[in-house]
Amino acid sequence: MRSIVWFRGKDLRVADHGPLAEAAASGEVIPLFVLDPFFFAPERARELPHRMQFLLESLKALEASLAQMGSRLLVVPGRSVEVVPRLAAQWRVDRVLAHRWVEPFGRERDRRVGEALAHQGTGFRLFEGETLLPPGSVRNGQGGPFRVFTPFGKASMARIDLPLVQCLHPKLPPLPEGISADEVPIPALADLGIDANPGLLRGGEEAARERLRAFLAGPLASYGTDRDRMDRPGTSRLSADLKFGTLSVRSVWRAVAASGQGESARRYLNELLWREFSHHLLWEWPELLERPFRAEFQAFPWREDEAAWRAWTAGLTGYPVVDAAARQLRAEGFVHNRARMVAASFLAKHLLLDYRRGEAHYLTWLADGDWAANNAGWQWSAGCGCDAQPWFRIFNPTSQGLKFDPDGVYVKRWLPELAALPPGLVHEPWRAPAALRGRLDYPEPIVDHAWARQRFLAAAKAHLGRQAP
């Protein structure tokens, strides 16, 4: 058998890679990556600089791994729907193997590629791997998709019986003779007009494995208590690795499940199931990337307020946790999950700005920007998603800071202008003595929390026709 293994940006590894293992066990292997202008046209790439940096680093690492194993990654520019069928015919392959995507645009791409390959008599097989269970396979008692996380999580947990992680032989067959294409080198960031950000995590499979090892040896033990603390390194930092597939999700699941860390391990596995839920939701309802899950939120009276929007994106709202999240996003391509929730709630509920603007902004700057997870998180925070936080619950950014960053360590890291404030004032700088407040170079709150809360509740009540508890 001669197989193209089509790497597509969510499976940038050689370990536990179903298509690669299948191809290697069956004969000739042609590793391929297509530089599709949908992502790699310079004007498009500049719209997602941090994801592109992580992706390119991971792609270079994949290229090196395949070379070390005796093969070679072919990098070819062009539209995937045209390049893959053309090369499959040119190289006389028997089949094309790849991992499935859940996003609607990825499914449409695969439909078109599959049709073209079938027309010319070439096989096309999509492997599961982005999720623990095949999207659409977890059903409720009536045979439909789950709309609430808890029963989905229980049903999924009962079904998860993961096969052993697939380990490749350390050697791959060399490329077949006569294989050629209009190859190009993997682009550098400068080629795409992107400035490198030294604050991002390093991409690549080995860096991902190092992060997993460090998590298992350290933060996992206290994950159950520390995961919400913004001032502690209590999370795994594996989100970008899961998004780009430098680690497979089932390898992470297996490693954590075998860690012997009890309740902390169970809490982390539950977070992986939340990720799973977001992907299954997008599979069932692909329109979620465009509109809210709850139909009653259609035409919600979101405000237009460009000054408020600019303050939120720049980290100048006067609410320290919200502003720290905004600055961390730009600096690291990452935001602590608790800070993400506070910032998202503030945009939608305090400022009454459309959650989709925040969703798009985060997708621009996150290194771990995953369509399904990002959308689910924003809809949850706005109260309009599947199994979302109720619309009438509104995070108080001050109390959230006092609870999850009590000494202001997180805030002071990203807002050095507040470094002189004692812990009792760092989350309420407006309470500082006038003489000190005048030296802070930090804005007053752009809205009053109590007033903004009532404004949102009144708008939501009028639109949804409900009484807030």
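## Glu444 and Arg437

Glu444 pairs with Arg437 in a salt bridge, their closest N and O atoms lying 3.5 Å apart; the term stands for a side-chain nitrogen of Lys or Arg within 4 Å of a carboxyl oxygen of Asp or Glu. Glu444 is partly exposed at 45% relative accessibility, and Arg437 is partly exposed too, at 29%. Here buried means under 20% relative accessible area, exposed means over 50%, and partly exposed covers what is in between (1.4 Å probe, protein chains only).

A word on the basis: this is a predicted model, in which local features need pLDDT of at least 70 and side-chain atom pairs count only at pLDDT 80 or more, while totals for chains, interfaces and linings use all residues. Residues are numbered from 1 along each chain as its sequence is written, and side-chain values use heavy atoms, leaving out hydrogens and water.

## Other salt bridges

Across the whole structure, a search finds 35 salt bridges. One of them joins the side chains of Arg72 and Glu183, at 2.7 Å from N to O. Arg72 sits in the loop between helix H4 (49-68) and strand S3 (74-77), and Glu183 in the loop between helix H7 (149-159) and helix H8 (205-217), so this pair ties together parts that are 111 residues apart in sequence. Helices (H or I, at least four residues) and strands (E, at least two) are DSSP runs, numbered from the N terminus.

Arg209 is partly exposed at 32% relative accessibility, whereas Glu205 is buried at 7%.

Let's turn to H11 (residues 249-257), whose buried residues are Val249, Arg250, Ser251, Val252, Trp253 and Val256. Their cover includes H7, H8, helix H10 (239-244) and helix H12 (262-284).

H8 packs against H11 at an angle of about 25°, with the axes 11 Å apart; axes are lines fitted to C-alpha atoms, for helices over the stretch in contact, and angles run from 0 to 180 degrees between N-to-C directions. That makes the two helices roughly parallel, a label for angles under 35 degrees. Leu212, Phe215 and Leu216 of H8 meet Val252, Ala255 and Val256 of H11 in this contact (heavy atoms within 4.5 Å). The contact residues divide into six nonpolar, no polar and no charged, with Ala, Val, Leu, Ile, Met, Phe, Trp, Tyr, Cys and Pro counted as nonpolar, Asp, Glu, Lys and Arg as charged, and the others, Gly among them, as polar.

Key:
Parallel < 35°, antiparallel > 145°, perpendicular 65-115°, else oblique.
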